[in-house]
Amino acid sequence: MLFDELLIAIMKAVNRERTISSPFHLIKGKKSGQTIQDIGYYGLYPYFAVMPRLEKRFYDQVVEGLFARGLLQKNEDVIDLTDLALTSQTPKTQLDGWKYRGNEQLFLNRLSLIVQTFSHISQKVNVFDPVVNTEEIQLWVKAYLRKSNFRDRAATAAFKTQLMDSLEEAPVTERHKMILMQRLSGLGSSGLTWEQIAASHGMTPLDVQLFTVETLHAWMQIIEQNRYPLLSMLMEGVIQQSALTESAQRTEKLFARGFALHQIAELRQLKTSTIEDHFVELAMNDPYFDYSSFLSEELYQAIVAVSRKQQTKRLRDIKEKVPEASYFQIRLALAIR
Amino acid sequence: MELEKLLYSTYGFSSFRPGQREVIEEVLKGNNVIALLPTGMGKSMCYQLPAHLLPGSVLIVSPLLSLMQDQVAQLKKMGEKSVVAINSFLKPEDKEKIWSTLGNYRFIFISPEMLVQPFVKKQLQRISISLLVADEAHCISQWGFDFRPDYLRIAEIMPLLNYPQVLALTATATSKVTNEIKKYLNISNPFIYTHPMDRKNLVYDVKRFEDQKEKIGWLKKFVDHCEGPGIVYAGTRKKAEQLALDLTNSGLSASFYHGGMDHQDRIFVQQQFQNGELDWVCSTNAFGMGVHIPNIRHVIHFQLPTSVEGYVQEVGRAGRDGKAALATLLYAEGDEGLLESLVMDELPTVREIREVYANRTEPERLVEQGIVRETALRVIAYWQSRLPLEGTLLQIEELQKEKIKQAEKIRKLVTIDGCIRQYISECFDQHLLDKPENCCVNDGIDYSVFKKRVKKAVKVVPASWKDRLDALLPS
Ligand SMILES: [Zn+2]
């Protein structure tokens with residue numbers, strides 16, 4: 001998936017209902033109530049946090065490009081796609097951002113340092129500058145290598161075989177895999193910068209970055225099946241057990257112990273609106289979420305009915321028809337599964 | 001003789017580099033020392049070896065995170081295991097472990113902002129510190145080209161640690177800066193070791209052009225003829241990127257480097273350059289620290305640097321192998337304009353100062369909103385805690401004057417008829433004793449010592465991902 005295809009895919013889902021900067025927050029993985037709940041409303045799970053370090057100026061440039069190519073039309077408030085964009089095919093993607101949450105970087109960092117070490121040691125070079133200099137990763141990789149008897153040439157061969165076979169299975173293009181390999185370093189072949197990789201494929205830096213994430217997601221799906229034990233170990237801590245953000249988890253615990261919304265806000269010294277965001281997140285993730293203390297059954301039905309009938313998820317539009325509901329109640333009702 | 005033995009048994013070097021022995025001996029005598037050693041002369045050995053003889057830990061204050069990481073990596077590469085780095089990126093669980101065993105570390109690296117945190121202070125008071133090292137000590141001086149306000153905080157911790165013995169290290173310092181180091185670190189009668197600034201194997205060249213177009217034309221031709229590796233310093237990130245593109249398009253192996261790049265990308269460029277996969281790096285002044293390449297043959301300044309100190313540090317990255325290296329400064333009519341804006345860019349503006357003083361509670365928001373630059377905020381915040389608005393405005397005005405003076409010195413460097421080597425030495429209050437044969441453009445340069453570029457065979461680029469994997473992990 002190319003970067004502008006990613007934008008169009010997201011924009012199609014939220015067309016005329018969200019602002020032009022909302023896809024940016026989603027791609028960066030912003031943990032705000034709005035972004036999290038939109039993922040549920042619009043089914044944007046694959047795209048969450050796929051590029052956590054995306055810079056706004058680059059995003060803006062691509063958006064400008066969409067206008068210039070007639071895919072977007074001017075609208076002061078919301079995203080407004082042209083027919084050209086709306087009828088375009090959304091390519092299939094292997095992205096699974098909601099599951100990996102940007103943690104593919106952890107996997108890649110470990111992999112980079114392991115490959116670099118094997119590359120040097122197997123060619124009898126014992127001193128080199130590590131390509132990853134975070135202490136945490138270095139310690140992890142050291143422990144991993146110690147377990148795998150890494151000075152033995154057979155260890156390198158075994159690792160390489162499992163890497164090759166598992167990546168072979170990943171359902172992405174050869175180019176995807178090449179780009180990922182270009183990010184790895186070894187003796188005499190340093191890793192390449194995004195610019196350099198982009199130039200070698202005639203693509204943009206953003207495109208090759210997205211390709212890399214897509215490859216990693218596809219590949220990690222294969223590795224998770226546990227048929228390649230030497231790589232399965234690299235998955236340690238990559239997938240978060242709970243789908244909730246950490247802060248929402250804390251709110252969930254307090255709620256389970258019987259505290260009310262305003263009490264939780266007081267206890268945690270957070271704004272009420274933040275705690276509200278957490279409940280929306282809880283409702284989104286937990287099919288058995290008990291909303292009775294926030295929302296009557298009638299009000300819930302009324303909100304859902306309006307949303308369906310008007311085909312909208314814009315809070316303001318719904319509020320107009322159901323004025324007795326608060327914005328929080330509307331958001332909650334829309335989030336409930 | 002004993003010291004040499006220790007040097008050999010610990011690090012495998014059979015002799016000291018110039019200056020190291022003098023400094024180490026004074027440190028071991030218990031004296032405070034200020035050592036001015038040019039870059040690439042193995043400054044860190046000055047505390048590394050004493051650390052093996054002193055009873056307590058050596059505390060190294062390092063002004064830049066990237067520099068700290070690099071030093072830790074270098075020490076580990078030399079086989080030192082008892083090393084810890086304390087900076088704001090530490091995780092809580094790691095911190096606990098470090099605090100409980102802090103006194104056991106031989107080398108403790110710390111950033112200035114961590115140094116003054118109450119909890120950290122307490123921990124440091126608890127252990128025995130034999131030597132406090134102020135690395136890149138010129139950063140303490142507000143007159144220096146690289147002033148970091150946070151660095152002044154070392155002064156605050158000195159009494160708490162009972163005025164430990166101090167070793168201040170720097171590559172470039174005028175006597176004005178040396179005096180400030182003495183003052184802030186509270187060391188009255190230090191032993192000062194000054195290594196001659198002058199590097200005999202560096203040849204200074206200046207090229208003048210009518211306009212920018214002529215300049216870029218010359219650069220392309222030059223790098224096409226001359227054998228690298230080399231660094232081209234540009235004034236801005238954008239210029240660095242553009243120059244790299246120009247060189248790449250003329251078929252050279254070049255890339256850019258600046259502080260705005262992805263962290264991993266920066267490491268890749270450094271390693272490519274280090275491994276000889278890249279001949280030219282076009283960069284801002286962010287490139288250099290932590291680059292350990294002995295055979296850089298050329299340093300070209302595409303734009304005027306903002307101070308002679310900065311210039312000397314940058315050209316000092318060339319020719320560390322002792323062989324001839326060429327420093328070329330390019331100047332075109334009108335470059336002063338850019339120089340002026342670059343110089344002013346380094347300082348907070350009056351508007352920024354007023355904004356920060358008006359928004360005492362949440363100055364970070366001003367950075368987020370793009371009203372105040374982050375670098376400016378750091379400087380203002382420091383003075384804000386000490387001075388009223390008028391005082392800070394005055395302070396910055398003084399700094400501005402100083403910066404303009406420094407810029408004038410650079411301007412003079414491109415216009416003088418006399419020896420450039422001599423001029424640079426004078427800027428550091430040093431007396432040049434003798435000049436090498438190949439000295440500078442005004443004394444005449446023998447270019448024949450610099451090798452012509454040999455067109456290398458084009459490196460085979462792996463065609464598929466499996467080929468690339470085979471190159472990384474050959475069977
Ligand atoms: Zn001369």
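Let us begin with a distance: the centres of domain 1 of chain A and domain 3 of chain A, taken over C-alpha atoms, lie 25 Å apart. Please bear in mind that this is a predicted model. The domain assignment of chain A places domain 1 at residues 3-93, domain 2 at 104-235 and domain 3 at 246-336.

What do domain 1 and domain 3 of chain A share? Twelve residues of domain 1 are in contact with 13 residues of domain 3. Between them, these two domains of chain A bury about 970 Å², and 56% of that area is on carbon and sulfur atoms.

As for salt bridges, the count between domain 1 and domain 3 of chain A is zero.

I turn now to the helices. Two packed helices are described by the angle between their axes and the distance between the axes. In chain A, helix 10 (residues 174-182) and helix 11 (residues 194-201) pack at an angle of about 150 degrees, and their axes are 10 Å apart. The crossing of helix 10 and helix 11 of chain A is right-handed.

From helix 10 of chain A, A:Arg175, A:Met178, A:Ile179 and A:Gln182 take part in the contact; on helix 11 they meet A:Ile197, A:Ser200 and A:His201. By class, this contact has three nonpolar, three polar and one charged residues.

Thank you for your attention.

Conventions: Residues numbered from 1 in each chain as written. Chains lettered and ligands numbered in written order. Predicted model: local features only at pLDDT ≥ 70, side-chain atom pairs only at ≥ 80, totals over all residues. Heavy atoms only, no water. Axes fitted to C-alpha atoms, helices over the stretch in contact; angles between N-to-C directions. Helix = DSSP H or I, 4+ residues; strand = E, 2+ residues; numbered from the N terminus. Left-handed = near helix turned anticlockwise from the far one by under 90°. Contact = heavy atoms within 4.5 Å. Nonpolar A, V, L, I, M, F, W, Y, C, P; charged D, E, K, R; others polar. Domains from an automatic or database assignment. Buried area = accessible area lost by both parts, 1.4 Å probe. Salt bridge = Lys/Arg side-chain N within 4 Å of Asp/Glu carboxyl O.
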